[in-house]
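I opened the model to look up its aromatic rings. These are my notes.

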Amino acid sequence: MHPESVRYMRECLDTHAADQPPGRVLDVGAWSPVGKFRQIWEGAGWDYVGLDMELRENVDVALEDPWLFPFEDASFDAVISGQMMEHNEFFWLSFMEMARVLKMGGLMIHIAPSRGRQHRAPQDCWRFYRDGMTALARWSGCEIVEATTDWDPAHVAEYAAVNPRKAARLKKTLRTENTIWGDTVGVFRKVVETRHALGTSYMRQLADRAEGGIGAPKAKPKPKAKTAKKSVAAVRKKAG
C-alpha cells in the first residue's frame, strides 16, 4: 500500500468521522502485512474487522463468495477499502454489499487508482475517476460527500494550454500533484435502504426478465397476413 493511500484514509477519518462516536468498521480487501488501516481506525477507538478472500495477515473474516458478505444488514457504522476495487472483477456487486451491511447514515470511504502500471492480484481490471464514485453513489443508495482524483500533470497541462479555467478546476479536485497512481478518493453516506436503491431495482428487473417473469417485456403479436378483399360485385359475378 502506497503512502498516499494511508495518508488519505487518515485524512478522511479525521475529516468525516470526527463528529460521530467510534463504532464498527469493515475493511473490504484488508489483507496487509502491516495493517495500516487497522492502526488508523483502532487508534481512533473503532472496532476494526478485516475482510478478504483468505485468512492471512490483518484478515478477520474470509469470504466464501467474493460478492456475498457473511454479515447481517446494517452491521457496520463505516465501510472502507483501499486499492481493492481495481482488482475486483464485479466491483459494482461488492459495492452494493458494502452498502447493505452499512447502517443508515453510515460512512463509506474508498480509495482506488486512476492510472498506474498493471499490478495483478490476481487480476487488475479497472481504474476510477471522480465521476465513477458519483455513479457508485447513485447505484447504491448513497450520497457523495467528497470525491477527488490526483490528475496526471500532463492531463492538467493539456487543459491549461486550451482552457485554463478547466485546468484550475481540475487542480481544485486533487489532493496531491504528480503521484504515480493518481488515487481517486470517494466519501459516501448511506441515505437509502439498499433494497430500495437504484442498483437493486435494476438487478431485480434484469433477473425477472431473464426468468421471463413479471418484469419481462411482453412479446408483440405477429401481424396477421393480409388478404386481398374482393368487392361484393365481383363475388356475385363469379357466383352467377
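The entries below cover ring pairs, then charges over rings.

I noted first that this is a predicted model, where local features need pLDDT of at least 70, side-chain atom pairs count only at pLDDT 80 or more, and totals for chains, interfaces and linings use all residues. Residues are numbered from 1 along each chain as its sequence is written, and side-chain values use heavy atoms, with hydrogens and water left out.

I searched the whole structure for aromatic pairs and found ten. Rings of Phe, Tyr and Trp (its six-membered ring) pair if their centres lie within 6.5 Å; planes under 30 degrees apart are stacked, over 60 edge-to-face, and the rest tilted.

I looked up Trp67 and Phe90: the pair is tilted, with 4.8 Å between centres and 45° between planes. Trp67 is in the loop between β3 (61-62) and β4 (76-82), and Phe90, 23 residues away, is in the loop between β4 and α3 (91-100). Helices (H or I, at least four residues) and strands (E, at least two) are DSSP runs, numbered from the N terminus.

I then took Phe91 and Trp126. Their centres are 5.3 Å apart and their planes at 75°, so this pair is edge-to-face. Phe91 lies in helix α3 and Trp126 in the loop between β5 (102-113) and α4 (130-140), so the pair ties together parts 35 residues apart in sequence.

I recorded one aromatic cluster, formed by Trp67, Phe90, Phe91, Trp92, Trp126 and Phe128.

Last, I checked for charges over rings (NZ of Lys or CZ of Arg within 6 Å of the ring centre and within 35 degrees of the ring normal). Arg56 lies over the face of Trp31, 4.1 Å from the ring centre. The charged end of Arg175 sits over the ring of Tyr8, at 5.4 Å from its centre.
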